Amino acid sequence: MPVADPEARRRRLSEAATVRAVVWATRLVALMTIVTALFPGPRRMFGGPLRTSLGLPPAVGVAGIVVTLVAGVAVLLLATGLRRRKRRAWWLASTTTAVLVVVNLLHVIDQHRGVVALIGSAALLVALVLTRRYFVARQDPGGLGRALRTLVEFAVAGFALVWILLVINERRLDGSPGPGTEAAHALLSLIGVTGPVQFKVGWVDDLTATIGLTFGIVALVVAGYHLLRSPEPRPGLSAEDAESLRTMLARADGDSLGYFALRRDKGAVFSHGGKSAVSYRVLAGVALASGDPVGDVGAWPGAIEAFVDNCVRNGWSPAVLGCSERGAVAWAKAGLDALELGDEAVLDAATFTLDGRPMRGVRQAVNRMQRAGHTATVRRLSDLGTDEREEVAARALRWRDGETERGFSMALSRVADPDDPDAVLVTADRDGTPCGLLQLVPWGPDGLSLDVMLRAADADNGVNELLIAELMAALPRLGVRRVSLNFAVFRSALERGERIGAGPVARSWARLLRLASRWWQIDSLYRFNAKFRPEWSPRYVMFPSVRELPRVMLAVLEAEGFGGRPPALLRALRR
């Protein structure tokens, strides 16, 4: 397989190494700053406050420690944004580091201490300035407004709550502070500084200080999140991109998941020349691609490089769900790691048969359904009239109880749609009453890939076996020689755990997967596919590093409809 421009790859690796060095330097300076603020020994060694020499009150010394601590924590958090090469994180880190340089310089002038801290912060500032061009990632366009709004909202809420507590507990205060003094105390509590109000009861002092500082920290953290959040564009595939993808799919005998690039909630990035493309969706800061790149295999490296560059520009973590072994090799050359996720079940029309002992269970189910009066019909979607298509789509919606069809890498998210005339629809009914359906989408010129498998709530067991058997019998008429069925997650792990002589680790892992099947159909889907004696084709998830894997898996669960971020949180983020 051709590789992308070697010089461009070397340049990209060099930039990544430089960014990593800056990130680790930022973390080191941040940790040194935090330790200096928290512990008196390092504080005496690295620097001393100016309060004593200038005759300032004790609160200023405490404020200096708190400010230093906040600055250290801020720089440590900004290191994550720098790792994603975000431009706004670079500005904030540079500004905060410049402030630390000034503070440490004053410490050196005042007490002749803090030389190490000064050298460290100054070196970091120089490194940030010299590497400025590497931090190019854009932020969420509305992030600045949301950051300011949340900062003000939480700060005002904390200030008001502390002030109310002071007002309703006047009997527990020393003297009569007055509204202005109480307001000043409430304001200072947001940054963890002891205010002018004195208390008769210690728990009131502790409560107001805790509430104020908690709201202050939450205000900074939430505002910082919105300020540095990566853009999450609304999913959508333009008509022009969809047409280009259809042209590639018609020309190439590609991946069985290729047609699912036409989901309307995906975007697409094309190689230079437009011969290949990567389809993806952005979730939780992860640009999640699905399957192999679409189009000419020789142009895959260009499409992958364009996708990765797009991720760098937007601060996204690149990841791939469900690529084949050939696709995994191409993605690995771009620097991504691979994890085998499961296997795809593929049926061959030339060898499939219901005869023989291994197919006895399927054969019996099909015969039972036929004796009970069930029949199945196999048609191209283009053979259905408009009214019948609409009826099938409405029926599928009812059978799902109105829920959105789960799936991302192996689901089209629409049924009987006129945009998919080459899709195949298999319907089953009993004495004229519909009870099940399959929808399969094209896989190259002579293949089909399962998209939807639905049945009525009161349908008899065996409907799905009947649908697949009738589909396989109709393949010669349709000019199809292969069919991709469902994707069985962790199939090899389940199979190894059932073998004679399997070790305790393999058995325990298989037992855990069967337990998880109570919620996610892992074991049941594998056993259903295995009934048809398919050929198993491994599928992989690709991710940039082990550190990013939890975030990638969260995005995978959300994309597939099995969890992820709560709906309330998504609504808040969209606002």
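Mentor: Let's begin with W163: this residue counts as partly exposed, because its relative accessibility is 30%. Keep in mind that we are looking at a predicted model.

Trainee: Okay. Which residue does W163 form an aromatic pair with, and how are the rings arranged?

Mentor: The partner is F159, and the pair is tilted, with 5.4 Å centre to centre and 55° between the planes. Both residues lie in helix α7, four residues apart, which is about one turn of the helix. F159 counts as partly exposed too, at 21% relative accessibility.

Trainee: While we're on α7, how does it pack with α9?

Mentor: Helix α7 covers residues 143-168 and helix α9 covers 202-228; their axes are 7 Å apart and the packing angle is about 175°. Angles over 145 degrees count as roughly antiparallel, so that is what α7 is to α9.

Trainee: And what classes of residue make up that contact?

Mentor: The contact of α7 with α9 has 19 nonpolar residues, six polar ones and one charged one.

Trainee: Back to rings. How many aromatic pairs are there in the whole structure?

Mentor: A search of the whole structure gives six. One I like is W90 with W91: the ring centres are 5.1 Å apart and the planes are at 80°, so this pair is edge-to-face.

Trainee: Are those two tryptophans buried or exposed?

Mentor: W90 is buried, at 5% relative accessible area, whereas W91 is partly exposed, at 44%.

Trainee: Which residues form an aromatic cluster?

Mentor: Y280, F307, W316 and W331 form one cluster.

Trainee: Nice. What sits over the rings of W24 and W443?

Mentor: Arginines. The charged end of R27 sits over the ring of W24, 4.7 Å from its centre. Over the ring of W443 you find the charged end of R482, 3.9 Å from the centre.

Trainee: Where does A284 sit, and is it buried or exposed?

Mentor: Look in the loop between β2 (276-283) and β3 (286-290). A284 is buried there, with a relative accessible area of 14%.

Trainee: And what about phi of S413?

Mentor: That one is near 70°, again a positive value in a residue other than glycine. S413 is in the loop between α14 (386-399) and β8 (424-430). At 35% relative accessibility, S413 counts as partly exposed.

Trainee: Let's go inside. How many residues does the largest nonpolar core have?

Mentor: The largest nonpolar core has 45 residues, and L471 and V483 have the most contacts inside it.

Trainee: Which element gives the largest share?

Mentor: Helix α15 does, with 10 residues. Other elements that give two or more residues to this core include β6 (337-348), α13 (360-371), β10 (447-455) and β11 (482-489).

Trainee: Last one: where is L69 found?

Mentor: L69 is in helix α4, residues 58-83. At 26% relative accessibility, L69 counts as partly exposed.

Trainee: Great, thanks for the tour!

Conventions. Residues numbered from 1 in each chain as written. Predicted model: local features only at pLDDT ≥ 70, side-chain atom pairs only at ≥ 80, totals over all residues. Heavy atoms only, no water. Axes fitted to C-alpha atoms, helices over the stretch in contact; angles between N-to-C directions. Parallel < 35°, antiparallel > 145°, perpendicular 65-115°, else oblique. Nonpolar A, V, L, I, M, F, W, Y, C, P; charged D, E, K, R; others polar. Phe/Tyr/Trp six-rings, centres within 6.5 Å; stacked < 30°, edge-to-face > 60°. Buried < 20%, exposed > 50% of the residue type's maximum accessible area, 1.4 Å probe, protein only. Lys NZ or Arg CZ within 6 Å of the ring centre and 35° of its normal. Core = buried A, V, L, I, M, F, W, Y, C linked by side-chain atoms within 4.5 Å.
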